[in-house]
Structure formats: structure tokens, C-alpha cells
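I opened the model to look up a few residues and one annotated span. My entries follow in the order I made them.

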Amino acid sequence: MKVLIGSSPDEVARLAATAVLEGFQRYASDRAPVLGLATGSSPLGLYSELADYVAKGELDLSQATGFALDEYVGLSSDHVQSYRQTLIREVCQVMGLPEQNLNVPLGDAESLDVLEEAATAYDAAIAAAGGVDVQILGIGSNGHIGFNEPGTALRSRTHVTRLTARTRSDNARFFGSLDEVPTHSVTQGLGTVLEARRLVLVATGRVKAGAIAAAIEGPLAASCPASVLQLHEDAILVIDEEAANDLKHREYYEDSAKALVI
């Protein structure tokens, strides 16, 4: 695990974009990349930076494939707050990823059986695409990644899950009221996320400080799902000063991020 601390959210976005591009160069230098996509506020600056690279001709996502981390249960795929529509607005329309190459878990179905079958098929589709080269992640204030809430099995696969009251409250800002926030989602499991070749997690703000400290310095535990990133051989966490507030070993992370000189 590598921890990068930016002086501002803008610098966090730039550092994270560099980490994504380096991941493409390392793992997909001879083919179109497969990109794992998160929603929420955290990755927006990163997506803007990547869009700038596309505009300058330094990144081409016209043949890339995208896999969303999650989707709400009960929202149609054309609902404005569905994650499919969110990623079309925030990724496809600004970064040139073709809409037909965007894969999102099925969240609108007539039965739980259909949702579960589609979740299993989603993992199979990721594998068939050759796996995710770079997975972009955010982190919830309770330590969730994707919608893997505290208590989720650390080796879980894509599955249907209930959202905690805290997560629904945090996400209510995207809806007209708390009552409109779905109670369930379909999310890539923690085991699915760990199969990506590189993980790039972005977090800013004091509200994320406790979750970041638990993810980086706490024990590997289901109580903080993001702590599974400790097991990944190429996980990069890019955070700002406020999100780094609760870290006890910050000096070590900053020293470790410096280039090795021989």
C-alpha cells in the first residue's frame, strides 16, 4: 500500500490521475485499458484531470471498457440518479469512454433471484474482459468501499446488499429527500475489487479522516471494509491534509513516497 498526501483536493486529483495513467502504462500498454469506476463526490476531480489528458491527446479511452463498482436496487437504468446515468454524465460524456462499453450491475429486476444471477454474471463479465487494470475507489465515512458496508465478508463477490442508515443519510444529498434514497444496492464484492491489478482510492475532507486511518493503520477487519486494501500489492491511496488528520505514521508515508536514489 502506498499513501500519497496532497496539499489540496486539486493536488489529490492530479496525483490520482498520474497513478491511473501509470497503471494503464504498466498493465495495459499494448491494448485498450479496462477501468473500474466509482461514483460519488470523491473521484470527480480525478475524472476532470483524466478528461484533460484526453482533450490533450495524451489518453485515449475510445476503445476502453468500464465496469462500475455498484448500482442502486430499484432505480431504472435511465433514472437520473442511477449510477449508469451518473457515469454516463461524469465519465462517458467527458472522457470519451463509449456508452456501449460501460458495464453497470443490474439493479432493476423483477425478483431477488434475477438480481443475484446478474451479480454472478457481472463477475464473469469482468473476468471475460481480462480483469480490471485500474480500479478507482472512494471511501465512505464508515469505511465502506463500493457499497460493501461494515460487516461485509472480506472475500465477498458481487452481491445484493442493504445500505446502512449512515450511508443512506450521506447519499441523501443526491436525492430530493432521505425517503427517496434506495435501501439496497448491488455492489462488487471486496474479493472482486481486490482482483483489479491496481487500486487508486481518493479521499478528501475531515469527514473521511477516521475511515482513512482505520483503512491504513487499523487491523484487517470487516468493521472497516476498506482495510482489505492492506492485502493488495498495488494499492495507492491519495488523500488530502484533512483526510490525513488521524494518521499516526504520516511521516513514514511521506518518506516512503519519495523516490529511491541509488
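Helices (H or I, at least four residues) and strands (E, at least two) are DSSP runs, numbered from the N terminus. I note that this is a predicted model.

**Entry on His-232.** I looked up the position of His-232 and found it in the loop that runs between helix H7 (209–217) and strand S10 (235–240). For polar partners of the side chain I found two backbone oxygens. The one of Ala-196 is 2.6 Å from a polar atom of the His-232 side chain, and the one of Leu-194 is reached at 3.4 Å. Leaving out residues up to four places away in sequence, I listed the contacts of His-232 as Met-1, Leu-194, Ala-196, Arg-197, Arg-198 and Leu-199.

**Entry on Met-95.** I placed Met-95 in helix H3, which covers residues 83–95. Is Met-95 buried or exposed? I read a relative accessible area of 0%, so Met-95 is buried. Again without residues up to four places away in sequence, Met-95 touches Leu-35, Tyr-47, Leu-50, Ala-51, Val-54, Leu-61 and Glu-90.

**Entry on the annotation.** I checked UniProt, where an unreviewed entry lists residues 8–233 as "domain: Glucosamine/galactosamine-6-phosphate isomerase". For residues 8–233 I found 36% helix and 14% strand, and the end C-alpha atoms lie 26 Å apart.

Note on methods. Residues are numbered from 1 along each chain as its sequence is written. This is a predicted model: local features need pLDDT of at least 70, side-chain atom pairs count only at pLDDT 80 or more; totals for chains, interfaces and linings use all residues. Side-chain values use heavy atoms; hydrogens and water are left out. A polar contact is a pair of N or O atoms within 3.5 Å; within protein, one must be able to donate a hydrogen and the other to accept it, and residues adjacent in sequence count only if both atoms are side-chain atoms. Contact means heavy atoms within 4.5 Å. Buried means under 20% relative accessible area, exposed over 50%, partly exposed in between (1.4 Å probe, protein chains only). UniProt positions are given in the numbering used here, feature names are shortened, and annotations may be inferred rather than shown by experiment.
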